[in-house]
Amino acid sequence: MNFPKPPVGMLPGDRIAYSPIVNRKPLKLPNRARMVVWTITNVEEWDPTQTMPRTVLTPPAGGSPMPDIPNWCWHEYGNRVGFWRLLQVYDDFKIPGVMNINGAAVGAFPELVQACVERNWEFVGHGFTQRNMQKVENERDDIRKSAQVLEKLTGKRPRGWLGPGLTETWETPDILAEEGYDYVADWVLDDQPVWLKTRGKPIVNIPYTQECNDVAMMLIQHHKAKEFYDRAMDQFEQVHKDAKDSARVMAISVHPYIMGAPHRAKYFRKIFEKIAKKKDVLFWNGSQILDWYLKTGPKAPH
Amino acid sequence: MPMHPRERLPYSSIENRPLLKFPKGVRLVIWPVLALEEWDMARPMARMVISPPQGQPQQPDHPNWSWHEYGMRVGFWRLRKVLQNLKISPTVTLNARVCETYPQVAQACVDLGWELNAHGYDQVPMHKLDDQRAVIQKSMDIIEKFGGKRPRGWFGPGLTQTFDTLDYLSEAGVEYIGDWVLDDEPVTLKTTHKPVVALPYNFEIHDITMMALQNHPSEVWHSRAIDQFNWLYAEAAERPKIMALACHPYLSGVPHRIGHVERTFEELLGKDGVVAWDGSKILDWYLAAKAT
């Protein structure tokens, strides 16, 4: 199929050719591990003068009156209280943390951010604000500013990027590569890392998830809290089985205001109670997955 | 000048705060909230259980009005029985207009000595009122006249507020609100008048959210509350925890849900150190505990 080309950037098919996972050269993990699990925590700051990104309670007779203080408070709970429940799980099971945070939010929750810096979490670029990349006025400036804030905070440039709501323009991977990011996780099209071509240096995409993701499951699909655990385990068992001959990656993505609620926290914890001791599973952050892929995976395309 | 929420309450992580203490023997407080509303048939209904053929809401919306009215005619009395049997004295948050349109219901609450808390005049978001200050005063006055005491607490209809609602509430004599669900502990909010305390309410152990918006099976009323409780109860070994449960007669008072509501309260109150307090009592505890 020939689709009309965008004026700048590339069509997805021009960045990555179709490739069935069964026909690739096998990927091997160290110590005969079969798969990697990486867990991403998303922290956002919601502006009470704007429409809330999500709501739990709608006003009588519907509509979205402004300001929306009840739903702003619901989200704020995650950063005041809920986050600490998730952190305890990461600490107890020695799971390396990956923080996905808007640049502008870094200054809003100093104790929360400090707790992650102290634990040497990986900070991933996540846009300067929680606005779709298509709507950001100056994309390059936003991507650059996000990196600067995180570098100032941690002393290291972020290597990874995950767009707000995974959104991209046709040009996003090009700009990310030019601005020095090494990987992106917006492309949920595979169980293994893949190379994406850009107009400059290629960039790696690491498997992320919209399915083992609490926004989708709890807020959009309205599943019971236990479904988060059930689905994660079903996903885990299948990926583990599939990874017999070639390694695969599974992602779990959470938000403190959702999985950090008391009635849900137990189901998040239970996942790690179940899988943390598996001998053939590695718990890595995005950077570790990237380094492994760069070392053992296929060479970057020209 | 309307205040940004963080000007009223700066961000603070629960991890590093001074410890509040419950009286000896109390480990966790449950806060039952019973909400009584008036749905004006001249307007779109606050919630809907059934949408009309082709989906477009019509007025008058007789089917959904009746659905709510059932709660006041039948459901409330079931809930009253359950709460009475378990010796629970809930916070009753009511649209002031309920005192005019359902005096039998409001009187039943007064007779049992239940706390009356103001929930606006009728079930309309605060944003839609031309004169919030006047409606707040009127609501407080009507409930005070009916119940003999000025309400100490307030829930906005749909928990709605504008940036200046809190200032008007404080002027009208409101001492606590339940609209801010941002913490597990009471917090003190700055206003242009006296400070107002936000008690830890929540939108998740809440029948509208669970049943009318997220469409969970009735059984989730019980299972989610128990999950919430178990987690908070464990944490309550370290810090005092308060757990709110919100009921509306048209949702929680129907035959297929009331059993789940009843066994939830029964099981929670059967645990060591668990007591049910109304908002007024939680407020008094907090003000005293904060001072020491």
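1. Ground rules. Residues are numbered from 1 along each chain as its sequence is written, while chains are lettered from A and ligands numbered from 1 in the order in which they are written. Because the model is predicted, local features need pLDDT of at least 70 and side-chain atom pairs count only at pLDDT 80 or more, whereas totals for chains, interfaces and linings use all residues.

2. Chain A, overall. Chain A has ten helices and nine strands. Both kinds of element are DSSP runs, numbered from the N terminus: helices are H or I with at least four residues, strands are E with at least two. The radius of gyration of chain A is 19 Å, close to the 19 Å that the globule rule gives for 302 residues, so chain A is as compact as a globular protein of that length. That radius is taken over C-alpha atoms, and the rule is 2.2 Å times the number of residues to the power 0.38. Along the principal axes, the C-alpha trace spans about 55 × 50 × 40 Å.

3. Burial and contacts in chain A. Of its 302 residues, 48% are buried. A residue is buried if 20 or more other C-beta atoms lie within 10 Å of its own, exposed if 12 or fewer, and partly exposed in between; the C-beta atoms are placed from the backbone. Among contacts between residues at least 6 apart in sequence, 71% join residues at least 24 apart. A contact means that two C-beta atoms, placed from the backbone, lie within 7 Å.

4. A covered strand in chain A. Strand β3(A) covers residues 122–125. Glu122(A) and Val124(A) lie on one side, Phe123(A) and Gly125(A) on the other, and all are buried. Its partner is β2(A), residues 98–101, which runs parallel to β3(A) and is joined to it by four bridges. Strands pair if DSSP finds at least two bridges between them. Asn100(A) has Val124(A) as its bridge partner.

5. Chain B, overall. Chain B has eleven helices and nine strands. With 292 residues, a compact globule would have a radius of gyration near 19 Å, and chain B agrees at 19 Å. Its C-alpha atoms fill a box of roughly 55 × 45 × 40 Å along the principal axes. Buried residues make up 50% of the chain. Of the contacts with a separation of 6 or more, 71% come from residues 24 or more positions apart.

6. Helix α5(B). Gln132(B), Ile136(B), Ser139(B), Met140(B), Ile142(B) and Ile143(B) are buried. Gly148(B) follows the helix, with a positive phi near 85°.

7. Strand β8(B). Seven of the seven residues of β8(B), 241–247, are buried, so the strand is largely enclosed by the rest of the structure. One side carries Lys241(B), Met243(B), Leu245(B) and Cys247(B); the other has Ile242(B), Ala244(B) and Ala246(B). Strand β1(B), residues 28–36, pairs with β8(B) in the parallel sense over seven bridges. Trp31(B) has Ala244(B) as its bridge partner.

8. Two single residues. Leu199(B) sits in the loop between β7 (196–198) and α7 (207–213) of chain B. It is buried, with 25 other C-beta atoms within 10 Å. Leaving out residues up to four places away in sequence, Leu199(B) touches Tyr176(B), Gly178(B), Pro186(B), Gly279(B), Ile282(B) and Leu283(B). Arg6(B) lies in α1(B), residues 5–8. With 11 C-beta neighbours inside 10 Å, Arg6(B) counts as exposed.
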